[in-house]
Each structure stands twice: as C-alpha cells, then as structure tokens.
Amino acid sequence: MRYVLLMSHGHLASGMKCTVEMIVGKMENLLAFDAYVDGNDNVKQFIEDFLEKHPNEEVIIVTDVLGGSVNNEMLNYNNLPQVNLISGMNVPLVVNLLLNIGEELKTTIEESVETGREAVRYFEKVEKELEEDF
C-alpha cells in the first residue's frame, strides 16, 4: 500500500485530511499528524513508529512549509528508499496524490506537485465601472 502522511504545525494536517476526505471519501492510506498541539511534540517518534509498522510500504510525506521544523525533521528520512517528501501542502496536491495512487510513484508525485502549484493563484483587483442612475 502507498501511504500519504500529512504532517504540520498546529491542526493544518488534520484539517487537510478532513477537507480531502470530504472530496474523495475516507481513505485508509491517508494519515495526519498535528505537531506541537495536544501533546504531540515528538515528530521523530511518530515517523519512526510508522515506518517500523510499515517497513515495506511506499510513504509520501507532505509537510506544511519548506524549512519549518516538521519539514526539517522529515528531511532526515528522505534518504530511505520508501520515503518521499513534499513540502507546501494544499488540497489539490493531496487529492491528486490519492486519486493517482495506482500510477508509478515518481509520476504521481511530479503530477501532483504541478497540480498543487497550478492551483495557487493571485486575483488582482479589477475596478468596476459604476453605472449612473438616471
């Protein structure tokens, strides 16, 4: 099985899991870890326990922010053959990872990252012309 682990500061990971499951349904291969809340301070212990229970499974770890403490800790596991790390969690990225779970791993990750990237947009303000009432 290919697992997708959402890992973040605060409740972003569990919120993301909830949102994604509203779109795609409950997924047994989608897990969330909210770091530094509710006593969940040991990011390292969480990932080590998970990898010990699932030694031969593909794991895609998605963290909230590049350079953050959660992402930096996960970099220590990125050299393991079954671990793949992505930073910059967003809904389209995670949905795509889950819906393309049967595809080749590298292709799935590359396409999902691109999908997540394309979903980020800035909408410039456009002034509306006001119609005069006569």
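Predicted model: local features only at pLDDT ≥ 70, side-chain atom pairs only at ≥ 80, totals over all residues.

Mentor: A search of the whole structure finds two aromatic pairs.

Trainee: Why is the pair of Tyr3 and Phe50 called edge-to-face?

Mentor: The ring centres of Tyr3 and Phe50 are 5.2 Å apart, and the limit for a pair is 6.5 Å. Their planes stand at 85°, and over 60 degrees counts as edge-to-face. The pair is therefore edge-to-face.

Trainee: What makes this a pair that ties together parts apart in sequence?

Mentor: Tyr3 belongs to strand β1 (residues 2-9) and Phe50 to helix α2 (residues 43-53), so the pair joins parts that are 47 residues apart in sequence.

Trainee: How do you know whether Tyr3 is buried or exposed?

Mentor: Buried means under 20% relative accessible area. Tyr3 has 11%, so Tyr3 counts as buried. Phe50 has 7%, so Phe50 is buried.

Trainee: Why is the pair of Phe33 and Phe46 called stacked?

Mentor: The centres of Phe33 and Phe46 are 4.5 Å apart, with 25° between the planes. Planes under 30 degrees apart count as stacked, so that label applies. Phe33 lies in strand β2 (residues 30-35) and Phe46 in helix α2, so this pair ties together parts 13 residues apart in sequence.

Trainee: Which labels do Phe33 and Phe46 get for accessibility?

Mentor: Phe33 has a relative accessible area of 8%, so Phe33 is buried. Phe46 has 22%, which falls between the 20% and 50% cut-offs, so Phe46 is partly exposed.

Trainee: Now the charged side chains. How many salt bridges does the search find?

Mentor: The search of the whole structure finds four salt bridges. One of them joins Glu58 and Arg2.

Trainee: What makes Glu58 and Arg2 a salt bridge?

Mentor: The N to O distance is 2.6 Å, and the cut-off is 4 Å, so the pair of Glu58 and Arg2 qualifies. The pair links distant parts of the chain, with Glu58 in strand β3 (residues 58-63) and Arg2 in strand β1, 56 residues apart. At 32% Glu58 is partly exposed, whereas Arg2 at 8% is buried.

Trainee: How do you know that Glu21 forms a salt bridge with Lys17?

Mentor: Their closest N and O atoms are 3.2 Å apart, and the distance must be within 4 Å, so Glu21 and Lys17 form a salt bridge. Both lie in helix α1 (residues 12-24), four residues apart, about one turn of the helix. Glu21 has a relative accessibility of 16% and counts as buried; Lys17 has 17% and counts as buried.

Trainee: Why is Arg117 called exposed?

Mentor: Exposed means over 50%, and Arg117 has a relative accessible area of 54%, so Arg117 is exposed. Arg117 forms a salt bridge with Glu114, the closest N and O atoms being 3.0 Å apart. Glu114 is partly exposed at 34%. Both residues lie in helix α5 (residues 105-118), three residues apart.

Trainee: Last, what is Pro92 in contact with, apart from its neighbours within four places in sequence?

Mentor: With those neighbours left aside, Pro92 is in contact with Thr115, Gly116 and Ala119. Pro92 lies in helix α4 (residues 91-99). Its relative accessibility is 30%, so Pro92 counts as partly exposed.

Trainee: How far apart are Pro92 and Gln45 in space?

Mentor: Their C-alpha atoms are 28 Å apart, and the two residues are 47 residues apart in sequence.

Notes: Residues numbered from 1 in each chain as written. Heavy atoms only, no water. Phe/Tyr/Trp six-rings, centres within 6.5 Å; stacked < 30°, edge-to-face > 60°. Helix = DSSP H or I, 4+ residues; strand = E, 2+ residues; numbered from the N terminus. Buried < 20%, exposed > 50% of the residue type's maximum accessible area, 1.4 Å probe, protein only. Contact = heavy atoms within 4.5 Å.
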